[in-house]
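This report describes a protein model through its fold, selected residues, a disulfide and a pocket. The sequence and structure are shown first.

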Amino acid sequence: MIGADVEFELSADTDGWVAVGFSSDRKMGGDDVMACVHDDNGRVRIQHFYNVGQWAKEIQRNPARDEEGVFENNRVTCRFKRPVNVPRDETIVDLHLSWYYLFAWGPAIQGSITRHDIDSPPASERVVSIYKYEDIFMPSAAYQTFSSPFCLLLIVALTFYLLMGTP
């Protein structure tokens with residue numbers, strides 16, 4: 001927290017977008033989402049979305065301020081502040097309350113987000129309070145590794161080895 005704001009920093013290995021969603025459950029739908037989007041001009045813009053079912057709808061009212069964003073080495077990184085208190089609105093949650101944090105990243109086409117890269121994006125294990133420091137680190141490499149063909153081959157090889165037994 002910085003005064004009446006919360007500062008967020010997001011980063012992902014992608015040439016498109018990275019986002020955090022604030023949810024009452026660990027599923028997509030009815031969530032307030034802040035996304036850092038790399039556009040065709042090389043800029044990274046902070047955009048506000050509301051998940052309607054499985055679709056992200058851009059909301060013109062954007063609570064982000066003091067925005068910074070960069071695209072380097074095929075990685076989108078951004079930092080922004082968002083007020084803790086906001087006037088009551090269905091699309092912007094009150095950060096005084098605790099929420100599940102949903103994380104996602106994916107490609108962008110002409111500065112517009114498209115479907116995220118993985119079928120089940122990571123979410124915080126429990127609700128998160130801004131009043132308690134917690135480093136919510138979600139190792140994207142782990143999700144990418146377990147979906148790779150090499151990892152599948154390794155699992156098959158280990159299973160075969162264990163089933164055959166040792167000589």
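Is Thr 14 buried or exposed? Thr 14 is buried, with a relative accessible area of 5%; buried denotes under 20% relative accessible area, exposed over 50%, and partly exposed the range in between, computed with a 1.4 Å probe on protein chains only.

## Basis of the model

The model is predicted: local features need pLDDT of at least 70, side-chain atom pairs count only at pLDDT 80 or more, and totals for chains, interfaces and linings use all residues. Residues are numbered from 1 along each chain as its sequence is written, and side-chain values use heavy atoms, with hydrogens and water left out.

## Overall fold

The protein chain has two helices and ten strands. Helices (H or I, at least four residues) and strands (E, at least two) are DSSP runs, numbered from the N terminus. From the N terminus on, the order of elements is β-β-β-β-β-β-β-β-β-β-α-α.

Of the 167 residues of the protein chain, 38% count as buried. A contact requires heavy atoms within 4.5 Å. Among contacts between residues at least 6 apart in sequence, 56% join residues at least 24 apart.

Thr 14 is placed in the loop between β1 (5-12) and β2. Leaving aside neighbours within four places in sequence, Thr 14 is in contact with Phe 71, Asn 74, Arg 75, Val 76, Trp 105, Gly 106 and Pro 107. The side chain of Thr 14 also reaches the backbone nitrogen of Gly 16 at 3.1 Å. This is a polar contact, defined as a pair of N or O atoms within 3.5 Å; within protein, one must be able to donate a hydrogen and the other to accept it, and residues adjacent in sequence count only if both atoms are side-chain atoms.

Asp 39 lies in the loop between β3 and β4 (44-52) and is buried, with a relative accessible area of 6%. A polar atom of the Asp 39 side chain lies 2.9 Å from the backbone nitrogen of Asn 41. Not counting residues up to four places away in sequence, Asp 39 touches Arg 45 and Gly 111.

## Side-chain pairs on the strands

Glu 58 lies in strand β5 and is partly exposed, with a relative accessible area of 38%. A polar contact of 2.9 Å joins the side chains of Glu 58 and Gln 47. The C-alpha atoms of these two residues, Glu 58 and Gln 47, are separated by 7.3 Å, and the residues are eleven apart along the chain. Residues up to four places away in sequence not being counted, Glu 58 touches Gln 47, His 48 and Phe 49.

Arg 79, in strand β7, is partly exposed, with a relative accessible area of 29%. The side chains of Arg 79 and Glu 9 are joined by a polar contact of 2.7 Å. Beyond four places in sequence, the residues that Arg 79 touches include Glu 7, Phe 8, Asp 66 and Glu 68. Arg 79 and Gly 69 are ten residues apart in sequence and 6.4 Å apart in space, C-alpha to C-alpha.

## Disulfide

How many disulfides are counted? The count comes to one disulfide, the term denoting a pair of cysteine sulfur atoms within 2.5 Å. Cys 36 and Cys 78 form the pair, with their sulfur atoms 1.6 Å apart. The pair links distant parts of the chain, with Cys 36 in strand β3 (residues 32-38) and Cys 78 in strand β7 (residues 75-83), 42 residues apart. Cys 36 and Cys 78 are both buried.

## Positive phi values

Most residues other than glycine have a negative phi. Asp 66, in strand β6 (residues 65-72), has a positive phi near 50°. Asn 74 also has a positive phi, near 60°; this residue is found in the loop between β6 and β7. Asn 74 is partly exposed, with a relative accessible area of 45%.

## Second largest pocket

About 530 Å³ of space lies in the second largest pocket. On a 1 Å grid over the protein atoms alone, a pocket is an open set of points with protein on both sides within 12 Å along at least five of seven lines, and lining residues have an atom within 4 Å of a point. Grid points are joined across faces, edges and corners, and a volume is the space filled by probe spheres set on the points.

The lining comprises 25 residues, of which Met 28, Asn 51, Gln 54, Ala 104 and His 116 lie nearest the centre. Elements giving two or more residues to this lining are β2 (17-23), β3, β4, β5 (55-58) and β8 (100-106), and β2 gives the most, with four.

Conventions
On a 1 Å grid over the protein atoms alone, a cavity is a set of points where a 1.4 Å probe fits but cannot get out, and a pocket is an open set with protein on both sides within 12 Å along at least five of seven lines; lining residues have an atom within 4 Å of a point.
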